[in-house]
Amino acid sequence: MNVEIFKIEGMTCPHCEATVTRTLLKLEGIEEVVADRDKSEVRVKGKHIDLREIEQAVNSVGYRFKGRIP
């Protein structure tokens with residue numbers, strides 16, 4: 001299982017976290033998502049994590065994908 005952390009700007013409330021989480025869980029191969037508005041981060045766990053798919057999904061719901069955090 002792979003784990004990646006991404007920088008996401010624009011999450012300001014629990015609803016924002018839920019929206020990002022729900023959106024990313026719809027992607028194939030994603031098993032778990034933990035969004036943290038205080039850190040502006042999303043931790044994604046899954047068998048297949050496609051950077052482009054995650055970027056498109058996050059941006060499509062009104063947040064700004066800023067890339068992978070090493």
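How many bridges join β2 to β3? There are six, and the two strands run antiparallel. Two strands count as paired if DSSP finds at least two bridges between them. The elements I name are DSSP runs numbered from the N terminus, helices being H or I with at least four residues and strands E with at least two.

Before going on, the ground rules. This is a predicted model, where local features need pLDDT of at least 70 and side-chain atom pairs count only at pLDDT 80 or more, while totals for chains, interfaces and linings use all residues. Residues are numbered from 1 along each chain as its sequence is written, and side-chain values use heavy atoms, with hydrogens and water left out.

The sheet, then. It is open and has four strands in the order β2-β3-β1-β4, with antiparallel pairing. β2 and β4, the latter residues 64-69, stand at the edges with a single partner strand each, so one side of each has no neighbour in the sheet. On average, neighbouring strands are turned by 25° against each other, direction ignored. For angles, axes are lines fitted to C-alpha atoms, for helices over the stretch in contact, and values run from 0 to 180 degrees between N-to-C directions.

Now the pairs. As a reminder, strands of a sheet pair through backbone hydrogen bonds, either parallel or antiparallel.

S40 is not a glycine, yet its phi is positive, about 55°. Most residues other than glycine have a negative phi. S40 is also buried, with a relative accessible area of 19%. Buried here means under 20% relative accessible area, exposed means over 50%, and partly exposed lies in between, with a 1.4 Å probe and protein chains only.

Next, helix α1, residues 14-25. At 1.5 Å a residue its 12 residues should span 16 Å, and the end C-alpha atoms are 16 Å apart, which agrees. The expected span is 1.5 Å times one less than the number of residues. The buried residues in α1 are C16, E17, T19, V20, T21, T23 and L24. Their cover includes β2 (30-36), β3 (41-46) and α2 (51-60).

Two of these in more detail. E17 is buried at a relative accessible area of 17%. Leaving aside neighbours within four places in sequence, E17 is in contact with M11, A35, D36 and R37, where contact means heavy atoms within 4.5 Å. T23 counts as buried at 15% relative accessibility. Not counting residues up to four places away in sequence, T23 touches A57 and V61.

What about helix α2? In α2, I54, A57 and V58 are buried. Seen down the helix axis, the buried residues of α2 fall within an arc of 95°, so they line one face of the helix; the arc is that of the directions from the helix axis to the C-beta atoms. An α-helix has 3.6 residues a turn, so residues three or four places apart point the same way. On the other side of α2, R52, Q56 and S60 are exposed. The buried residues of α2 pack against β1, α1, β2, β3 and β4.

Which residue caps the N-terminal end of α2? That is D50, with a side-chain oxygen 2.9 Å from the backbone nitrogen of R52. The D50 side chain also reaches the backbone nitrogen of E53 at 3.1 Å. A polar contact here is a pair of N or O atoms within 3.5 Å; within protein, one must be able to donate a hydrogen and the other to accept it, and residues adjacent in sequence count only if both atoms are side-chain atoms. D50 sits in the loop between β3 and α2 and is partly exposed, with a relative accessible area of 25%. The C-alpha atoms of D50 and E28 are separated by 9.2 Å, the two residues being 22 apart along the chain.

After α2 comes G62, with a positive phi near 95°. That is where I stop.
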